[in-house]
Amino acid sequence: MLKSNTNKQSKPMLSIKTPKSLRAKRALEKRAPKLVELEKKTLILHGTKTSNTLNAVLTEIYHLKKDNSVKYSRRNDNIRPFEAGGETSLEFYSLKTDCSLFVFGSHSKKRPDNLVIGRTYDHHIYDLVEVGVENFKSLSSCSYDKKIAPLIGSKPFFAFIGEGFENVEELKHLKEVLLDLFRGQVVSNLNLAGLDRVYVCTAVGSNKVVFTHCALRLKKSGTVVPKVELVEVGPTMDLVVRRHRLPDESLKKEAMKVAPELIQRKVKNVSKDAIAGKIGKIYVPDQQVRSTPLPFTPKGVKRERREAKAKGDDKHSEKKQKKQKQDDEASA
């Protein structure tokens, strides 16, 4: 006879694994969600085929973000970001390296020198921008004084020139992705003396942007504000937008959520001004002076009597004497 297993408890199919060492625990805590996230890491990947120009572009981007980027040199045949099923390996590498930005380079006859820049949310594809690289000028081909070379990890300026960044949907999307890619750690305070670079993006058409990396040179101007000069240090290239994919509204709403601890509550009657700083309003209620009863203090009358008595023309004493005289006559 077969024995019944009704009394035995069934084991769960999935179990939560806890870290067995302090090193694994620190690694999990580092990857855990935080109220204020650290600087986003960038994953740089090669496609099935890449050209010399594209290899140089990927290397330059890696050097610009060397302090917070991961570069794989192996070819990836099964990564196709815009195709269904071609994102699996990309999401796996994003989870493995804990990178929320990626740059994928590929080269083909249909799309030469192709560069795909994308962002991930929860290690899943969030949005994508595909651009073609033209007129590339590397960092080594620019001649300048090495003393003004930007430092690794320094905060950059961004200059977006052209109405296309406000009107054209593709360029607006490219602007957001470029800001996320190169701006580094988000900070609240910044020392202007440490700014040594600027990224200049110029829209020359509805789908073309000239990307230039310049160093800042400060010169004496005779005033407190120094004279600023831009020195091209590379890389410089033309980015032609080919395809782009915006995130879903539900995914965008979920990604834009802010923790309740970070939401600043509005303080009543307090406002902020860029020049005056913090401004407050004080409301004083109506005092109702006319209806307020005042105490009777005839101090001024007493003072007038004392002054008149000292002068010898006290009217009150004269009236008192007249009244007493009339009373005496009446009694007589």
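How many bridges join strand β4 to strand β5? Keep that in mind as you look through these close-ups of a predicted model.

**View 1. Strands β4 and β5 run antiparallel.** Here is the answer: 8 bridges join β4, residues 114-121, to β5, residues 124-137. To pick out one of the pairs, find Gly118, whose bridge partner in β5 is Leu128. As a bit of background, strands of a sheet pair through backbone hydrogen bonds, and they can do so either parallel or antiparallel.

**View 2. The open sheet is built from 9 strands.** Follow the order across the sheet and you get β2-β1-β3-β4-β5-β9-β8-β7-β6, with mixed pairing. At the edges sit β2 (69-75) and β6 (157-161), and each of these pairs on one side only. Ignoring direction, neighbouring strands of this sheet are turned by 25° against each other on average.

**View 3. Ser89 sits in helix α3.** Is Ser89 buried or exposed? Ser89 counts as buried because its relative accessible area is 17%, and the cut-off for buried is under 20%. Leaving out residues up to four places away in sequence, Ser89 touches Asn78 and Ile79. With Asn78 there's a polar contact too, side chain to side chain, at 3.0 Å.

Methods:
Residues numbered from 1 in each chain as written. Predicted model: local features only at pLDDT ≥ 70, side-chain atom pairs only at ≥ 80, totals over all residues. Heavy atoms only, no water. Pairing = 2+ DSSP bridges. Helix = DSSP H or I, 4+ residues; strand = E, 2+ residues; numbered from the N terminus. Axes fitted to C-alpha atoms, helices over the stretch in contact; angles between N-to-C directions. Buried < 20%, exposed > 50% of the residue type's maximum accessible area, 1.4 Å probe, protein only. Polar contact = N/O pair within 3.5 Å; in protein donor to acceptor, adjacent residues only side chain to side chain. Contact = heavy atoms within 4.5 Å.
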